[in-house]
Amino acid sequence: NEDINVSLLGMPEEEDWVLYGPYSDKSLMRNKLIYDLSSDMGRYASRTRFVELIINGNFKGVYVFMEKLKRDKNRIDIAKLKPEENSGEDLTGGYILKIDKIAGSNVGVGYNSQNSFASKIPPPYAGVGEIRFLYEYPDAEEISLEQKNYIKQYVHDFEAALASDDFKDPDTGYRAYIDVESFIDFFILNEISHNVDGYRLSTFMNKDKNGKLNMGPIWDFNLAFGNADYCGGGNTDTWAYRFNERCPGDFWSVPFWWYRLLEDPYFVDKLKTRWFEYRSNILSNQAVLGRISNYEKEMQDVGAINRNFNQWAILGKWIWPNNFVGTTYESERIYVEQWIVDRMSWLDGSIGDL
């Protein structure tokens, strides 16, 4: 019953880890792929390793062993914020917030003032529920009232600046509150994967001491890269940030941020420059498909893929919410590859035309 920091599989030592079973992702690699691409951009994402899981002699198949997102010098590297740090420079960070469903460990019932706060500005295509920001670090049980008020006011001030008539002003507009490059990279990662949960669920953001609001790290992309059969999840030719236009009744909404940011020529120009720079190296078709090939080879060389699908006979079967059902592992891998090629091509034109 004691937390012990250890290094596992060559990763920096910590006490909390995740064993993720990619059951509905029959390529087995969607989360690992997007996390590795984020790392290539210089944006921390959970470190991952393919593993085969055996519990008490029972084979459980291929899992992805990964870091849990935590404030840590080797994970989300922001200042430690103690409960008694309630004024001055100390109060400015670090914080981690997330837009997400309620987890079982949250304080109180449902969304409430103890565990979260609400956006004051409704999304352009509102769902059933309002957008709420959950306290991730310090968590709802430890964050002080002063700390709650500070980070809540900071987000409200950012949103007010972004919604204002002067939102493009570099000093009084949204740029005074956010790290623009982190928002651009977050946008690119969600769009290349057309993540149906993107922007509205499993969406983390953080603020360091004396720093601006950063988007990320990214998290939970098992339904991305064409692996969702609802609300256009399999599309390669629509924007992920416009999810609520396709599904106006969904409970969780995309904040107005992304629509508004794309109205600013400064943001759009930086997005274009960054996109085409990435497309010339880490996001080139050759680079991304090369990663997929290496993942497959790593698993095939030891027979892990065959063992996994002998244990879980799901090839050729629809598992929620598959958009594509292949009868072989190869067909599942080819689907992901072709989907990515088509998606990148559409984004080349669509980002270029913004």
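This briefing describes the overall build of the protein and then some of its local features. The model is predicted, and it contains nine helices and eight strands. The protein has 354 residues and a radius of gyration of 21 Å, which agrees with the value near 20 Å that a compact globule of this length would have. Buried residues account for 53% of the 354 residues.

**Overall build**

- Taken along the principal axes, the box filled by the C-alpha atoms of the protein is roughly 55 × 55 × 35 Å.
- When contacts between residues at least 6 apart in sequence are considered, 71% of them join residues that are at least 24 apart.
- The protein has an accessible surface of about 15300 Å², and carbon and sulfur atoms contribute 47% of this surface.

**Aromatic pairs**

- A search of the whole structure finds 30 aromatic pairs, and one of them is formed by Phe183 and Trp258, whose rings are tilted at 35° between the planes and lie 5.5 Å apart, centre to centre.
- Because Phe183 belongs to helix H3 (residues 180–192) and Trp258 to helix H5 (residues 257–261), this pair ties together parts of the protein that are 75 residues apart in sequence.
- Both partners are buried, since Phe183 has a relative accessibility of 0% and Trp258 has a relative accessibility of 1%.
- Phe251 and Trp252 form an edge-to-face pair, because their ring planes stand at 70°, with the ring centres 4.9 Å apart.
- Phe251 counts as partly exposed at 34% relative accessibility, and Trp252 likewise counts as partly exposed, at 24%.

**The surroundings of Met205**

- Met205 is part of strand E7, which covers residues 203–207, and with a relative accessibility of 0% this residue counts as buried.
- Once neighbours within four places in sequence are set aside, the residues in contact with Met205 include Tyr95, Ile96, Leu97 and Ile99, as well as Phe133 and Trp257.
- The contacts of Met205 also include Leu213, Asn214, Met215 and Gly216.
- Ser182 is 23 residues away from Met205 along the chain, and the C-alpha atoms of these two residues are separated by 9.6 Å.

**Backbone features**

- Most peptide bonds are trans, and most residues other than glycine have a negative phi; the following points describe departures from these patterns.
- The peptide bond that joins Gly93 and Gly94 is cis, with an omega of about 0°, and Gly94 is placed in the loop between strand E3 (58–67) and strand E4 (95–99).
- A cis peptide bond also runs from Gly216 to Pro217, where omega is near 5°, and Pro217 is placed in the loop between strand E8 (213–215) and helix H4 (243–246).
- Asp220 is likewise found in the loop between E8 and H4, and although it is not a glycine, Asp220 has a positive phi of about 70°.
- With a relative accessibility of 23%, Asp220 counts as partly exposed.
- His194, found in the loop between H3 and E7, is also a residue other than glycine with a positive phi, in this case near 45°.
- His194 is buried, with a relative accessible area of 1%.

How values were computed
Residues numbered from 1 in each chain as written. Predicted model: local features only at pLDDT ≥ 70, side-chain atom pairs only at ≥ 80, totals over all residues. Heavy atoms only, no water. Helix = DSSP H or I, 4+ residues; strand = E, 2+ residues; numbered from the N terminus. Rg over C-alpha atoms; globule rule 2.2 N^0.38 Å. Buried < 20%, exposed > 50% of the residue type's maximum accessible area, 1.4 Å probe, protein only. Contact = heavy atoms within 4.5 Å. Areas by Shrake-Rupley, 256 points an atom, 1.4 Å probe, with all protein chains shown as cover. Phe/Tyr/Trp six-rings, centres within 6.5 Å; stacked < 30°, edge-to-face > 60°.
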